[in-house]
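Here is a walk through a two-chain model, starting from one residue and working out to the interface. Have the sequence and the 3D view open as you read.

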Amino acid sequence: MEEGESNFGREEDEAETELLRDRFRLFAVSIAEAEAKRNEMEISQPVMECIADLAFKFSEQLAKDLELFAHHAGRKSANMEDVILSAHRNENLATSLRSFCNDLKGKEPQSERKRKKALKKEKTTPSAFHIS
Amino acid sequence: MENTFDPDLMHAIFKLVWKRRSLEREKKEGTDNLEGELGAGPSKKSRPTTANANALKLSCELVRVFITEAVQRAATIAEAEGVNKIEPTHLERILPQLLLDF
């Protein structure tokens with residue numbers, strides 16, 4: 001009886017994951033396509049699917065990290081610091097996230113002019129996230 | 001406007017992972033201390049994790065950067081090979097370093 005119940009729970013969980021994965025994939029594909037276009041490149045279907053799957057796995061991993069970080073700090077809610085912490089191995093990435101974070105903080109009162117500026121900057125420095 | 005993920009979608013994914021993990025944890029604890037405080041305090045530790053709105057937006061940005069980096073690096077390889085379509089082999093080439101960087 002109990003086993004049956006937990007099995008049912010798992011199936012339900014999988015169905016939900018599948019649904020979210022599909023929705024996630026739509027976003028991922030449109031981002032990847034836009035990025036390829038900006039590089040004046042075509043991108044083949046399997047590559048996009050693969051990248052979407054990778055990104056989904058990455059998000060799941062991120063969720064685990066955020067939970068652990070938040071709990072370690074004695075909180076039950078993850079905040080921006082936790083997200084930045086999850087990228088701490090890559091300094092460039094962490095810096096970029098921090099500036100995005102400051103933009104978000106500064107965004108509430110005023111408009112999104114800053115954010116656009118930050119995005120433009122990102123465009124001009126294409127691949128700045130390598131660990132040197 | 002740049003396209004990015006929907007923070008609500010990200011939240012749904014996070015919640016699903018957290019729910020899965022809390023279920024696993026409960027199962028483990030259930031076998032660990034069967035005699036212990038049975039009715040006492042399961043709710044304290046298994047209170048679900050949440051995330052605030054800005055953290056979700058920042059997570060969306062992080063995942064977006066992950067995807068754009070993958071495409072850009074693969075595009076660089078494709079360009080070096082003189083083709084204008086990104087194929088799986090190009091992705092294969094950049095994958096190890098990409099996964100190390102994120």
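## One residue, two chains

Skip the neighbours within four places in sequence, and A:Leu66 is in contact with A:Ala78, A:Asp82, A:Val83, B:Phe14, B:Trp18 and B:Ser59 (contact means heavy atoms within 4.5 Å). A:Leu66 sits in helix α2 of chain A, residues 45-72. A:Leu66 counts as buried because its relative accessibility is 0%; buried means under 20% relative accessible area, exposed over 50% and partly exposed in between, with a 1.4 Å probe and protein chains only. A:Asp103 is 37 residues from A:Leu66 in sequence, and the two are 21 Å apart in space, C-alpha to C-alpha.

## Ground rules

This is a predicted model, where local features need pLDDT of at least 70, side-chain atom pairs count only at pLDDT 80 or more, and totals for chains, interfaces and linings use all residues. Residues are numbered from 1 along each chain as its sequence is written, chains are lettered from A and ligands numbered from 1 in the order in which they are written, and side-chain values use heavy atoms, with hydrogens and water left out.

## Chain A

Chain A has five helices and two strands, running α-β-α-β-α-α-α from the N terminus. Helices (H or I, at least four residues) and strands (E, at least two) are DSSP runs, numbered from the N terminus. Of the 132 residues in chain A, 36% are buried. Take the contacts in chain A with a separation of 6 or more: 45% of them join residues 24 or more positions apart.

## Where the chains meet

The contact draws on 64 residues from chain A and 59 residues from chain B. Together the chains bury about 5,800 Å², 67% of it on carbon and sulfur atoms; buried area is the accessible area (1.4 Å probe) that two parts lose on being put together, summed over both.

Strand β2 of chain A (residues 77-78) pairs with β1(B) in the parallel sense over two bridges, pairing meaning that DSSP finds at least two bridges between the strands. In that pairing, A:Ser77 stands opposite B:Thr50.

## Charges across the interface

The rule finds five salt bridges between chain B and chain A, each a side-chain nitrogen of Lys or Arg within 4 Å of a carboxyl oxygen of Asp or Glu. One of them joins A:Glu16 to B:Lys19, with the closest N and O atoms 3.6 Å apart. On chain B, the side that touches chain A gets at least two residues from each of α1 (7-32), β1 (50-51), α3 (53-80), β2 (85-86) and α4 (88-101). The largest share, 21 residues, comes from α3(B).
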